[in-house]
Amino acid sequence: MYGWIFRHLPGPLWMRILIAIALIALVIWCLMEFVFPAFVEYSPFYRDVTIDQ
Amino acid sequence: MTHTPPSLRQNAAASSRADHARPKSKGGWAVQIFGEILITVGLVLLLFVVWQLWWTNLEANATQEDAVQSLSQEFKQAAKDQSKPSKTSDHATAEPQPNWDPQTPEITAEPGHGEAYGIAYIPRFGENYQRPLAEGTSTDVLDALGLGHYDGTAMPGDIGNFSLAGHRQTNGAVLDRVEEIQQGDHIYIQTAQGFYTYTVYETKIVLPTEMSVIAPDPAHPGAQPTERLLTLTTCHPRYGDTERYIVHAKFDSWQPLSAGAPDEIKAAVGL
């Protein structure tokens, strides 16, 4: 899968490496900005700190 | 382990490269993609842990520092405004009679949800420990601003129970060191009115449903409160939330901003 993506990136090797890094960075950013906050309440480390019934 | 001659190793490398180029059977592709998905899921979960235990703290710390900064600017201005009327009195008088009483604090009106209106200082957590104090205990408040004030509980200095909640590991980890708090420790709250000093008299661990700890009078829930108390609540154990760690403190004294900060937090306040 990743090999396939990498082979289909345009340009010479150095450019494909740069594009790959940029894509990985974009995916990580999307995860941290949108995906993780949406799932945080299911996390084992996210703790309820309030007193309630 | 037998030593592989270099020539053989080269052959192996060449043949693995050849493997790569050779078109795979359908099953081979499926196995490879499945494997890559599993590796990806593993990496994403790892990243999630890093995000939550490290990144959310960086983010929240930055937000909280900004909030403290703008609040202390605001308070510095308020302090100037407070001291103006008294400036008209004669400077030469040896000991000017304070026109305020440390036992009758001025009370801040309850602000709107999510509004930061105070700064908490807990010297036990470090000389420079200062965190914003905001209205409400919903996640949007606690995750960003740190210490949230339970809606409807007393305001700082007021009769009743001024109750706060805060995270322990994530989102700024404002109460991470809660277990270091001891009886007799001071907790200071600064609002636009002044500084409220509380002294810790008890720490305990309760179940998450133990509403009495934030009742106006925790010792006699349901009774009319007579004392001015402060309560901190956070999760317990450190990486769990099956219980709550509670700190109870009693009101000690109050002083207006114009009187300067209490000695213990003078350096942190910079007033």
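Strand E2 of chain B and strand E3 (residues 147-149) of chain B run parallel and are joined by three bridges; strands pair if DSSP finds at least two bridges between them. This is a predicted model, in which local features need pLDDT of at least 70, side-chain atom pairs count only at pLDDT 80 or more, and totals for chains, interfaces and linings use all residues. Residues are numbered from 1 along each chain as its sequence is written, and chains are lettered from A and ligands numbered from 1 in the order in which they are written.

Helices (H or I, at least four residues) and strands (E, at least two) are DSSP runs, numbered from the N terminus. From E2(B) the chain passes through helix H3 (residues 139-145) of chain B to E3(B) in a right-handed β-α-β crossover; right-handed denotes a clockwise path from the first strand over the helix to the second, with the strands pointing away from the viewer. The pairings of E2(B) are tabulated below.

| Partner strand | Sense | Bridges | Bridge pair |
|---|---|---|---|
| E3(B), residues 147-149 | parallel | three bridges | Ala134(B) with Gly148(B) |

In E2(B) (residues 130-135), six of six residues are buried, that is, 20 or more other C-beta atoms, placed from the backbone, lie within 10 Å of the residue's own.

Between the chains, 30 residues of chain B are in contact with 16 residues of chain A, contact requiring C-beta atoms, placed from the backbone, within 7 Å. On the side of chain B that touches chain A, H2(B) gives the most, with nine residues.

Conventions: Contact = placed C-beta atoms within 7 Å. Buried ≥ 20, exposed ≤ 12 C-beta atoms within 10 Å, placed from the backbone.
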